[in-house]
Amino acid sequence: MEIGKIAEETSTWVDEYSDMLFNYTKVRVNDHELAKDLVQDTFVSALKAYSDFEGKSTVKTWLFSILKRKIIDHWRKQESRKTK
């Protein structure tokens with residue numbers, strides 16, 4: 001797929017899903033800035049993995065699965081800092 005088409009499609013993702021992803025994240029991390037960072041990381045990861053997206057799920061489901069892993073990773077890092 002050409003770069004312009006990818007940019008257009010991923011821009012649509014941001015428009016359609018960023019608020020939904022942010023609200024989901026904010027409830028789970030209780031930090032506005034961290035929630036924004038995690039959502040941004042989600043979109044960056046999705047863009048990097050775009051060629052691997054097979055369309056077996058909706059884009060929304062795929063983005064949420066990426067985001068959920070980002071949130072889990074965040075909490076794991078927090079826990080490992082506490083145990084040191």
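Modeller: Asn30 is exposed, with a relative accessible area of 65%. The model is a predicted one, and the chain averages a pLDDT of 90, with 95% of the residues scoring at least 70. Asn30 sits in the loop between α1 and α2, and its phi is near 55°, which is a positive value in a residue other than glycine. This residue follows α1, and that helix deserves a careful reading of its own.

A straight helix of 27 residues would span 39 Å at 1.5 Å a residue, whereas α1, covering residues 3–29, spans only 34 Å between its end C-alpha atoms. Within α1 there is a bend of about 55°, located at Tyr17. Tyr17 is also among the buried residues of α1, together with Ile6, Thr10, Trp13, Leu21, Phe22, Thr25 and Val29. In an α-helix there are 3.6 residues a turn, so residues three or four places apart point the same way. The buried residues of α1 pack against both α2 (32–48) and α3 (59–82).

For α3 the same check on span gives another result: at 1.5 Å a residue its 24 residues should span 34 Å, and its end C-alpha atoms are 35 Å apart, which agrees. The residues buried in α3 are Val59, Trp62, Leu63, Phe64, Ile66, Leu67, Ile71 and His74, and they pack against α1 and α2.

Turning to the chain as a whole, there are three helices and zero strands, following the pattern α-α-α along the sequence. Along its principal axes the C-alpha trace spans about 45 × 25 × 20 Å. Of the 84 residues, 27% count as buried, while the chain exposes about 6000 Å², of which carbon and sulfur atoms supply 50%. Among contacts with a separation of 6 or more, 64% come from residues 24 or more positions apart.

A word on confidence belongs here: in the chain it is lowest in α1, at a mean of 89, and highest in α2, at 95.

How values were computed: Residues are numbered from 1 along each chain as its sequence is written. This is a predicted model: local features need pLDDT of at least 70, side-chain atom pairs count only at pLDDT 80 or more; totals for chains, interfaces and linings use all residues. Side-chain values use heavy atoms; hydrogens and water are left out. Helices (H or I, at least four residues) and strands (E, at least two) are DSSP runs, numbered from the N terminus. The expected span of a helix is 1.5 Å times one less than its number of residues. The bend at a residue is the angle between axes fitted to the seven residues ending there and the seven starting there. Buried means under 20% relative accessible area, exposed over 50%, partly exposed in between (1.4 Å probe, protein chains only). Contact means heavy atoms within 4.5 Å. pLDDT is the predictor's confidence in each residue, from 0 to 100. Accessible areas come from the Shrake-Rupley method with a 1.4 Å probe; for residues, only the protein chains shown count as cover.
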